[in-house]
Amino acid sequence: MSEKRFDVVALGELLIDFTENGTSSQGNTVYEANPGGAPCNVLAMLNKLGHKTAFMGKVGVDIFGKKLKGVLDEVGIDTSGMQMDPDVRTTLAFVQTFADGDRDFSFYRNPGADMMLREEELKEDLLEQCYIFHFGTLSMTHADVRQATKKAIALAKENGAVISFDPNLRPPLWSSLDLAKEQVDYGLRQCDVLKISDNEILWFTGKKDYDEAIKVLQDTYHIPLILLSLGKEGSRAYYKGLRIEQAPYLQEDTIETTGAGDTFGGSCLHFVLKYGLDGLDEAKLKEMLSFANGAASLITTRKGALRVMPEPAEVEALIRG
C-alpha cells in the first residue's frame with residue numbers, strides 16, 4: 001500500500017467557543033474566546049499523539065477567522081483545505097456551564113461560515129491522501145454543506161480511507177430533529193468507526209438500555225467499531241462480538257466538559273491507526289479506552305480544548321497514578 005500524506009483528514013466546523021470565565025467587578029459574566037469545533041479538537045489530540053492531520057472547512061475573513069487559522073497553524077494541523085470567505089462571518093458559540101459540568105449552547109450561525117462550504121471548494125487531493133476521514137453532523141445541517149460533506153465521504157471511501165463519524169448532535173442548529181435523525185442515519189450507513197455519546201444513542205434508537213441500543217445499530221448498520229462515551233460512567237467499545245467497558249478517571253478539579261468527547265474520539269482514532277481496524281482485540285481495546293478516558297478526563301480541567309490538549313506523558317502518568 002502506498003504511503004499517504006495524512007493520517008486523518010476531518011471536515012466540519014471551526015468556530016469560537018465563548019466559555020464562561022468568572023465575573024467582572026460589576027458582576028457581569030466574563031467569556032473567554034476559545035478556538036473550537038469538534039473536528040479540529042479531534043485533530044488537535046491526534047497531533048499531540050504524533051499524527052499528520054488536515055482540516056477542511058470554512059471561516060470568515062474576520063478577526064475570529066484569522067485567529068483560528070493561526071491556531072491551527074500553531075498546533076500543526078494542515079490548513080490547505082480550509083477556506084476563508086470574505087462574505088460570511090466565522091461561527092460563534094456561547095457555552096454556559098452548569099454546576100454538574102453539563103452545558104448549554106447558543107450559536108451565532110445564521111449563516112455562519114462553516115455552513116457555507118461548497119463541494120466545488122473541496123481540496124480533493126486531501127481526501128485521496130488520508131488513512132482516516134472524520135466528520136460529524138454540523139456539516140450536514142444545511143443543503144450545500146451537506147452535499148459537500150457527502151462528496152468528501154464518497155471521495156475518501158473511493159481512495160480506501162477508514163470513515164470515522166461522530167454525530168455530535170446540537171439540536172438548536174437543526175430545522176427539525178427529524179432532519180437530524182435522517183442525517184445521522186446517513187452517517188451511520190457510511191462509517192467504519194462510530195463515536196457516539198450516551199444521550200445521542202438513546203435519542204436515536206429510542207431505547208433505554210445502552211446494549212439494546214447498540215444492538216439496533218449493529219443489526220442495522222454493521223459498523224465494525226462502535227465507541228460509546230458515557231461521561232462520568234466511563235466508556236465502552238463494541239467490536240466483533242466483544243463488549244469492553246472501562247471506568248473513567250474522575251477529576252476533582254473538573255471545570256467544564258467542552259471537548260471531552262472529541263479528545264476521547266481523537267485518542268481512539270490513534271489506536272485505530274496504531275493497530276489497524278482489523279487488528280484490534282480485547283487487550284488493545286482496553287488500552288484504547290483507558291488512554292482515551294484519561295485524555296478526556298484531563299481536558300475537563302482546562303478551558304477550551306483545541307489549544308490545550310494533553311500531552312501523551314500526562315495521560316500515561318494519570319493512568320499509572
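Residues are numbered from 1 along each chain as its sequence is written. Because the model is predicted, local features need pLDDT of at least 70 and side-chain atom pairs count only at pLDDT 80 or more, while totals for chains, interfaces and linings use all residues; side-chain values use heavy atoms, with hydrogens and water left out.

**Stop 1: helix H2**

Select residues 63-75, which form helix H2. Helices (H or I, at least four residues) and strands (E, at least two) are DSSP runs, numbered from the N terminus. H2 has 13 residues and reaches 19 Å from its first C-alpha to its last, close to the 18 Å expected at 1.5 Å a residue. The expected span is 1.5 Å times one less than the number of residues.

Which residues of H2 are buried? They are Gly-65, Leu-68, Val-71 and Leu-72. Buried means under 20% relative accessible area, exposed over 50%, and partly exposed in between (1.4 Å probe, protein chains only). Look down the axis of H2: its buried residues fall within an arc of 120°, so they line one face of the helix. The arc is that of the directions from the helix axis to the C-beta atoms. An α-helix has 3.6 residues a turn, so residues three or four places apart point the same way.

Now show what lies around that face. The buried residues of H2 pack against S2, strand S3 (29-36), H1, strand S4 (53-60) and strand S5 (78-85). On the other side of H2, select Ile-63, Lys-66 and Lys-67, which are exposed.

Next select Val-75, also in H2. Val-75 is partly exposed, with a relative accessible area of 24%. Leaving aside neighbours within four places in sequence, Val-75 is in contact (heavy atoms within 4.5 Å) with Asn-47 and Leu-306. Just after H2 comes Gly-76, with a positive phi of about 95°.

**Stop 2: two loops**

Go to Pro-111, in the loop between S7 and helix H3 (124-128). The peptide bond from Asn-110 to Pro-111 is cis, with omega near 0°. Most residues other than glycine have a negative phi, and most peptide bonds are trans.

Then select Asn-168, in the loop between S9 and H5. Asn-168 has a positive phi, near 45°. At 11% relative accessibility, Asn-168 counts as buried.

**Stop 3: helix H7**

Select residues 210-221, helix H7. H7 has 12 residues and spans 16 Å from its first C-alpha to its last, close to the 16 Å expected. At its start, a side-chain oxygen of Asp-209 reaches to within 3.1 Å of the backbone nitrogen of Asp-211.

Ala-213, Ile-214, Leu-217 and Tyr-221 are buried in H7. Seen down the axis of H7, its buried residues fall within an arc of 100°, so they line one face of the helix. What covers these residues includes helix H5 (177-190), strand S10 (193-197), helix H6 (198-205), strand S11 (225-229) and strand S12 (235-239).

Move on to His-222, in the loop between H7 and S11. Is His-222 buried or exposed? His-222 is exposed, with a relative accessible area of 60%. Its phi is positive, near 55°.

**Stop 4: Ser-197**

Select Ser-197, in strand S10. At 10% relative accessibility, Ser-197 counts as buried. The side chains of Ser-197 and Asn-199 make a polar contact (2.6 Å). A polar contact is a pair of N or O atoms within 3.5 Å; within protein, one must be able to donate a hydrogen and the other to accept it, and residues adjacent in sequence count only if both atoms are side-chain atoms. Not counting residues up to four places away in sequence, Ser-197 touches Leu-228 and Ser-229.

**Stop 5: the largest pocket**

Show Arg-103, Gly-231, Thr-257, Ala-260 and Gly-261: of the 46 residues lining the largest pocket, these lie nearest its centre. On a 1 Å grid over the protein atoms alone, a pocket is an open set of points with protein on both sides within 12 Å along at least five of seven lines, and lining residues have an atom within 4 Å of a point. The largest pocket has a volume of about 1300 Å³. Grid points are joined across faces, edges and corners, and a volume is the space filled by probe spheres set on the points. Elements that give two or more residues to its lining include strand S2 (15-23), helix H1 (38-48) and helix H9 (282-299).

Technical notes. On a 1 Å grid over the protein atoms alone, a cavity is a set of points where a 1.4 Å probe fits but cannot get out, and a pocket is an open set with protein on both sides within 12 Å along at least five of seven lines; lining residues have an atom within 4 Å of a point.
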